[in-house]
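Here are some notes to read alongside the model. Please keep the sequence and the 3D view open while going through the points.

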Amino acid sequence: MNRIGLIVAMKEELNAALKEFEVINEFKIFDLDFYECKYKDKTCILVQCGVGKVNAARCAQILIDKLEMDCIINIGVAGSVSKYVNIYDVVVGEKLVQHDFDLKIFDHKRGHIPNVGVYMDCDPYLVKLAKDIKIDSKVHLGTIASGDIFVTELAMGEKINNKFNALCVEMEGAAIAQTCYLSNIPFLVIRSISDSPNKEANNHINFDDFVEERSKVSVQFLKQLLNKIK
Ligand code: ADE
């Protein structure tokens, strides 16, 4: 895997990544800015997709169709929905699920996407490499749930945890997963925990404080992963 697509959702995440890579070329496709970076023997194309599943999916499809990536890695921040996962920890996705996908009326389980299923598996080779990475933060391996909602209510977080055994929530990973799955492109999602839904619904305070610094952690993790990818 030599051509690696790197998707982030937010400006803070983009800036954290840009600080760590040497940009050799910049170009635009539609409204999106792409940064071609050299990292050792790899060509990485970094892009900020914007928030949410549609933005993430169309960005992944552009990386696949127009830029011929060998794999796609999504990094960024997430909210913990597990009592075992704390702010500062990192979650490596083994599987992704869309917690807001609902065809229950047609007898499908919550999260079930026709022709895809409920869970989408991250690439086993990339997961295996990620498993061995040691950083200062605690690293968890498990299910990441995505949906077009910033989860602030404890009850919603608990529901997502119970239903899908998810460790954290974010708004893009499973859309990238579905796009890659349908195009047969390996993918991985790495998220650093910036907040945790709570009763007071004040996790935006945590979020703003932590997002910039948490973004740095997922970039550090990513660099170590890039060192290992063959
Ligand atoms: N990304 C970071 N924190 C999040 C949350 N609580 N809900 C959804 N996406 C997030």
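1. How many bridges join strand 1 to strand 4, and in which sense do the two strands run? There are six bridges between strand 1 and strand 4 (residues 42-48), and the two run parallel. To find this pairing in the view, look for Ile7, which stands opposite Val47 in strand 4. Keep in mind throughout that this is a predicted model.

2. Strand 1 has another partner. Strand 1 and strand 5 also pair in the parallel sense, here over four bridges. Leu6 marks the place, standing opposite Ile73 in strand 5. Strand 1 itself covers residues 3-8 and is mostly covered, with five of its six residues buried. When you turn the view, recall that side chains in a regular strand alternate between the two faces of the sheet.

3. Next, the ligand. The shell around the ligand holds 13 residues, and those that come nearest are Gly79, Phe150, Val151, Glu170 and Asp195. By class, the shell residues divide into eight nonpolar, three polar and two charged.

4. The side chain of Asp195 has an N or O atom 2.6 Å from a nitrogen atom of the ligand. Val151 uses its backbone instead, with an N or O atom 2.9 Å from a ligand nitrogen. Gly79 also takes part through a backbone N or O atom, which lies 3.2 Å from a nitrogen atom of the ligand. Taken alone, the ligand exposes 260 Å², and the protein buries 96% of that.

5. Which elements give two or more residues to the shell around the ligand? They are strand 5 (71-80), strand 9 (166-170), strand 10 (187-195) and helix 6 (203-228). Strand 5 gives the most, with three residues. Strand 5 is also the strand that pairs with strand 1 over four bridges.

6. Now the charged side chains. The whole structure has 10 salt bridges. One of them joins Glu20 and Lys223, at 2.7 Å from N to O. This pair links distant parts of the chain, for Glu20 lies in helix 1 (residues 11-20) and Lys223 in helix 6, 203 residues apart. Glu20 has a relative accessible area of 30% and is partly exposed. Lys223, at 19%, falls under the 20% cut-off, so Lys223 counts as buried.

7. Arg191 and Glu172 meet in a salt bridge of 3.1 Å, N to O. Arg191 lies in strand 10 and Glu172 in the loop between strand 9 and helix 5 (173-183), so the pair ties together parts that are 19 residues apart in sequence. Are these two residues buried or exposed? Arg191 is buried, with a relative accessible area of 2%, and Glu172 is buried at 4%.

8. The last pair is Asp102 and Lys104, whose side chains meet in a salt bridge of 3.2 Å, N to O. Asp102 counts as partly exposed at 37% relative accessibility, and Lys104 is partly exposed at 41%. Salt bridges that share partners join Asp102, Lys104 and Arg110 into one network.

Note on methods: Residues are numbered from 1 along each chain as its sequence is written. This is a predicted model: local features need pLDDT of at least 70, side-chain atom pairs count only at pLDDT 80 or more; totals for chains, interfaces and linings use all residues. Side-chain values use heavy atoms; hydrogens and water are left out. A residue is near a molecule or strand if one of its heavy atoms lies within 4 Å of it. A polar contact is a pair of N or O atoms within 3.5 Å; within protein, one must be able to donate a hydrogen and the other to accept it, and residues adjacent in sequence count only if both atoms are side-chain atoms. Accessible areas come from the Shrake-Rupley method with a 1.4 Å probe; for residues, only the protein chains shown count as cover. Ala, Val, Leu, Ile, Met, Phe, Trp, Tyr, Cys and Pro count as nonpolar, Asp, Glu, Lys and Arg as charged, and the others, Gly among them, as polar. A salt bridge is a side-chain nitrogen of Lys or Arg within 4 Å of a carboxyl oxygen of Asp or Glu. Buried means under 20% relative accessible area, exposed over 50%, partly exposed in between (1.4 Å probe, protein chains only). Two strands pair if DSSP finds at least two bridges between them.
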